[in-house]
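Let's take a walk through a protein model together. Keep the picture in view and find each part as we come to it.

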Amino acid sequence: MCGDDDAPNKMVSLDIPLLARAALLLQKAVAERLPKLLKPLGCSVDDRGFKCDFMPLKGRWPGEDEARELESAVLKLEEAGVDVREAGSPSGPADELLSLLGYTAEYLVGGFKARLEPGVKPSNSRVGAVKILNISAHNPAAGVKLVRIIGVAFESREGLEEWLRWFEEASKRDHRVLGQKLKLFSFHEEIGPGLVIYHPRGQVVREELIKFIREVNAELGYEEVYTPHVLRSTIWKVSGHYYLYRDKMVLARVEGEEYGIKPMNCPGHILVYKSETRSYRDLPVRLSEFGTVYRWEKRGELYGLLRVRGFTQDDGHAFLREDQVKDEIKAILKAILRVLETFGFKGEDVRMYLSTMPEEHIGTEEMWAKATEALRGALDELGLKYEVMEGEGAFYGPKIDVHFRDSLGRWWQCSTIQVDFALPERFGLEYVDRDGSRRRPVMIHRAILGSVERFMAILIENFAGRLPTWLSPIQARVIPVRSSAKEYAAKVAEELRKAGIRADADLSSDTPSKKIRRAYGEAIPYILLVGPREARDGTVTVRARGNRQVAGVPLKEFIERVKEEIRSRSLTQRAIEELAARG
Ligand SMILES: [Zn+2]
């Protein structure tokens, strides 16, 4: 039913070791059943399923029947009690293609050598159901054409069926599909994979998110800066990114010098800090930037807006004295919780993780102890529950990660607060203390949304494209129910726009019911129906999501109520709720 809010099923998680076992069995099944068509190379697994790559031997992909045949072949191997075990250290010299793909862990499946990405141990439980979801071309590098089979596996038929029901719901909410349908953004082979182009409507959503965080940053005392996208490699050497991050950086030689496109915004902000002598009274210095960064992720790992090569971070850096760390963390944590709650993520659906000193680290034990205590103190004083991830901090400092659960039951990590002992040291940052001595400030990296792109993808899927009014690219559409009301419809749309509401009028020659369907299809929160009576009275008939409708609403009143709904960044359609309640 169009406009109805259908509640999604809770997520059914996949069993990763079982997926790894199924992926190994699939390689043997392919080698047995389609030896002339595909040569197995190896598989990787993640929480979406298994991905197996094959060298095509005939330039043809397996068809639907062959896919079903492979599924039953996997189950037959299990029924026959096939033996799956590690093959020990890899045999022979490293194969270039296999290393490129990362399939370096070898297993023996009933004597057949199959491969996996290292890091996941296949389960000893038997696979009871397997489903091939997709067979497609995969080009991991220029000139390399492979066939990729994507699928899932379960211990039982019932497990698969339950998952398929969830998957169907999740697929309807796929941000890549909705992004195209709602004309938000697109990806193009011509410009390269993982690089997003925002269309006018997508840019509205992006800008609304940025505007929201800009307000939060200002309240937190952050001053916005702008730094260039391309910086001389020298600075990436000072920051250490050149050595630690090089495989993900885009480097270019110009006029005999090397430059790097920024994978992070920190160095630019550090230079702002360094450009003045800072006294203990100047601290904290807080700088923020909606900084677009580029990280050359592997082609096979790109996934819509969730995994891109170019994205904008709501980045921020605070430079402070040790005694200021706890209060700063408290303020940031409060802001993160408030932002997440605005999108409906709160209570049991938000979790905090404190990561402490790893084995390999820089800085003294004392520095670590103090900073970790400050993070812990901030969490405790706010009465927040958190889990301690012993030894999971970065080598340069402890951190707090905030995870939240969306309406599909998936957990996401976007917000992060990271203490850094390394960069102040590498850049020789200082402030003049009360007694005139020079001291190192503590540096905190923080992001609330993390990546604007990724956060937008999560929101699109969470709301199944039906974004709250304040985020909707078009907030109201006026539809004349008679052609005689066209002029009034245009006038209403004009009034709405004057009041700062994103509105248009559908003056096409289609029938009103077709126009209404189209507006629902575009996920527009408010449809205003107008006829000769509304034109005479200066009113509108308001239609909202969930087939709620209120007739005879004075235009002025609608404008005031919807403006308040937008201003307060309401999660629900407060205006229609209020209009319905007033009788
Ligand atoms: Zn940073």
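This is a predicted model: local features need pLDDT of at least 70, side-chain atom pairs count only at pLDDT 80 or more; totals for chains, interfaces and linings use all residues.

**A guided tour**

Lys-183 sits in the loop that links helix 5 (175-181) to strand 8 (185-187). The phi of Lys-183 is near 55 degrees, a positive value in a residue other than glycine. That deserves a second look, because most residues other than glycine have a negative phi. Lys-183 has 13 other C-beta atoms within 10 Å, so it counts as partly exposed.

Now find the loop between strand 26 and strand 27, where Asn-547 lies. Asn-547 is not a glycine either, yet it has a positive phi of about 55 degrees. Is Asn-547 buried or exposed? With 11 other C-beta atoms within 10 Å, Asn-547 is exposed.

The peptide bond from Leu-283 to Pro-284 is cis, and its omega is near 0 degrees.

Let's turn to the helices. The axes of helix 6 (residues 200-219) and helix 13 come within 11 Å and cross at roughly 110 degrees. The two helices are therefore roughly perpendicular to each other. On the helix 6 side, the contact is made by Val-205, Arg-206, Leu-209 and Ile-210, while helix 13 brings Val-452, Phe-455 and Met-456.

Next comes the interior. In soluble globular proteins, nonpolar side chains tend to be buried together. Here the largest nonpolar core has 98 residues, and those with the most contacts inside it include Val-478, Val-492 and Leu-528. Helix 13 (residues 452-462) gives the most to this core, with seven residues. Domain 2 (185-227 + 265-462) and domain 3 (469-581) both give residues to the core, so it lies between them. A second, separate core has 40 residues, among them Ala-20 and Ile-149.

Our last stop is helix 17 (residues 555-567). How far apart should its ends be? At 1.5 Å a residue, its 13 residues should span 18 Å, and the end C-alpha atoms are 18 Å apart, which agrees. The buried residues of helix 17 include Leu-555, Phe-558 and Ile-559. Its buried residues pack against several elements, including helix 14 (486-498), strand 25 (526-530) and helix 18 (574-581). Leu-555 is also one of the residues in contact with Val-492. Just after helix 17, Arg-569 takes a positive phi of about 50 degrees.

Definitions and conventions
Residues are numbered from 1 along each chain as its sequence is written. Helices (H or I, at least four residues) and strands (E, at least two) are DSSP runs, numbered from the N terminus. The expected span of a helix is 1.5 Å times one less than its number of residues. A residue is buried if 20 or more other C-beta atoms lie within 10 Å of its own, exposed if 12 or fewer, and partly exposed in between; C-beta atoms are placed from the backbone. Two residues are in contact if their C-beta atoms, placed from the backbone, lie within 7 Å. A nonpolar core is a set of buried Ala, Val, Leu, Ile, Met, Phe, Trp, Tyr and Cys residues joined through C-beta atoms within 7 Å. Domain bounds come from an automatic or database domain assignment. Axes are lines fitted to C-alpha atoms, for helices over the stretch in contact, and angles run from 0 to 180 degrees between N-to-C directions. Angles under 35 degrees count as roughly parallel, over 145 as roughly antiparallel, 65 to 115 as roughly perpendicular and the rest as oblique. Lists of a residue's contacts leave out its neighbours within four places in sequence.
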